Amino acid sequence: MAELGSKGVTAGKIASNVQKKLTRAQEKVLQKLGKADETKDEQFEQCVQNFNKQLSEGTRLQKDLRTYLASVKAMHEASKKLTECLQEVYEPDWPGRDDTNKIAENNDLLWTDFHQKLVDQALLTMDTYLGQFPDIKSRIAKRGRKLVDYDSARHHFEALQTAKKKDETKIAKAEEELVKAQKVFEEMNVDLQEELPSLWNSRVGFYVNTFQSIAGLEENFHKEMSKLNQNLHDVLLGLDKQYSGNAFPVKAQPRKKTKLFARLRKKMSSDSTPAKANKSPSPPPDGSPITSPETKTVNHELEPSTLEAPGASIPKSPSQPAEAARAGAEAAGSEVAAGAEASKTEADSTSLPAVVVETFPATVNGTVEGGASSERADMPPGFLFKVQAMHDYTATDSDELQLKAGDVVLVIPFENPEEQDEGWLMGVKESDWIQHKELDQCRGVFPENFTERVQ
């Protein structure tokens, strides 16, 4: 019988809870439809908004603090591995061996202490602060349900009072339920009305204490770490003084095509020498005009009427063309103009057909160089940028530049990009270019890691 009675009580509670949920749901629907009024408390609603904001900010702060602690732990591990590496490479006979071991040990202890204090003074305090929010949030939700119960009981009592056929027994019972619901609601409402503003105001002191603790711990940590770093610096400085003669040399990257490029450059220099000495070569046997990469000579025979003059005769066979000045890739525009003027003078004196010299921009690997030279006439053709030597470099081959720290080099492109090795540049020292204006005798390759770009 007792078991049945127990089951009956349980069933009654379940039925009562289900009935309450149905009544609350019905009341909310009526309130949303505007068929039932709802008890409003704007001051309390503002407190609830502040509570939700405070909870959101605290949750974010807790998350970011955990991320910060994880970063501190990762930095601890990285620092520990770095000091272990130093201990391994530091040979036993070097001065300061014991000091480096002690510094490494203190470094590890300092990181461990910093992490633990952050947990104790910041993270645990943060967890305690947020630990009160779930209970208050639950009470706020319960207060909302009790408010719906109170409104439902009030509406039910008012409906019985305004009914045409009144039942005093039901009215008395409804009034009793209304008083009970009102009492439960007001008790919870009063408690929350006092707690929520107090909790909202407490956030300022909590934030101040938390960030002051973090800042103070960081300050002390960095002070102690700075002392350790200074001690390590002094130890390494002593090691450097003892072995000062073994300075770490700056080396250039190895070249793969040094010999090949030297032969190509030597051949290019030998080919360019006769071209400069023999500026008026004899015409080809077939009488075709001479052309160069920079100039193109076109013969136009004039109409007979244009050549008729007393004592003049029109040649019946094609005459030899005027000799044009041949220029290399470095020839200036003045030489081309001089050759054209000479051709014109000779044609007028011998009554030969006029020779028209048309000048075209020189190209290297299909790239027109005229635009760059017109923009920066003081720079070598194809000028790219300037670099300054940071270290002395001793040339190891005939095609390399000899550099001293402070030398300025004008970087130019390779004539054949396939000849460029990784880590090497082509250029001419600015002082040589200003003095000679010649690329063949002055240009050369140099290691890029010995220089720093300045323009």
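Some ground rules come first. Residues are numbered from 1 along each chain as its sequence is written. Local features need a pLDDT of at least 70 and side-chain atom pairs count only at pLDDT 80 or more, while totals for chains, interfaces and linings use all residues, and side-chain values use heavy atoms, with hydrogens and water left out.

**The chain overall**

The average pLDDT (the predictor's confidence in each residue, from 0 to 100) is 76 over the chain, and 67% of the residues reach at least 70. Residues 1–7 are one of them, with 0 contacts beyond four places in sequence; a contact here means heavy atoms within 4.5 Å. Residues 342–375 also stay under 50, but there the model has 42 such contacts. Where pLDDT is low, the predicted coordinates should not be read in detail.

The secondary structure comes to 10 helices and 9 strands. These are DSSP runs numbered from the N terminus, with helices being H or I of at least four residues and strands E of at least two. Of the 455 residues, 29% are buried, where buried means under 20% relative accessible area, exposed over 50% and partly exposed in between (1.4 Å probe, protein chains only). Among contacts with a separation of 6 or more, 73% join residues 24 or more positions apart.

**How the helices pack**

Helix H3 (residues 97–131) packs against helix H2 (residues 42–89), and H3 also packs against helix H5 (residues 168–242). Axes are lines fitted to C-alpha atoms, for helices over the stretch in contact, and angles run from 0 to 180 degrees between N-to-C directions.

| Pair | Angle | Axis separation |
|---|---|---|
| H2 and H3 | about 170 degrees | 10 Å |
| H3 and H5 | about 175 degrees | 10 Å |

By class, their contact has 17 nonpolar, 12 polar and 6 charged residues. For this count, Ala, Val, Leu, Ile, Met, Phe, Trp, Tyr, Cys and Pro are nonpolar, Asp, Glu, Lys and Arg are charged, and the others, Gly among them, are polar. H3 and H5 are roughly antiparallel too, and the residues of their contact divide into 17 nonpolar, 8 polar and 5 charged.

**Around Tyr393 and Glu400**

Glu400 sits in the loop between strand S5 (385–389) and strand S6 (408–412), and Tyr393 is in the loop between S5 and S6 as well. Glu400 counts as buried because its relative accessibility is 9%; Tyr393, at 8%, is buried too. Their side chains make a polar contact at 2.8 Å, which is a pair of N or O atoms within 3.5 Å; within protein, one must be able to donate a hydrogen and the other to accept it, and residues adjacent in sequence count only if both atoms are side-chain atoms. Beyond four places in sequence, the contacts of Tyr393 include Ala252, Trp424, Pro447 and Phe450.

**Towards the end of the numbering**

Thr451 belongs to strand S9 (residues 451–453) and is buried at 13%. A polar atom of the Thr451 side chain lies 2.8 Å from the backbone oxygen of Glu448. Leaving out residues up to four places away, Thr451 touches Val387, Gln388, Ala389, Met390, Leu403 and Phe446.

Lys437 is found in the loop between helix H10 (430–436) and strand S8 (444–447). Lys437 is not a glycine, yet has a positive phi of about 55 degrees, and is partly exposed at 42%.

Methods: Angles under 35 degrees count as roughly parallel, over 145 as roughly antiparallel, 65 to 115 as roughly perpendicular and the rest as oblique.
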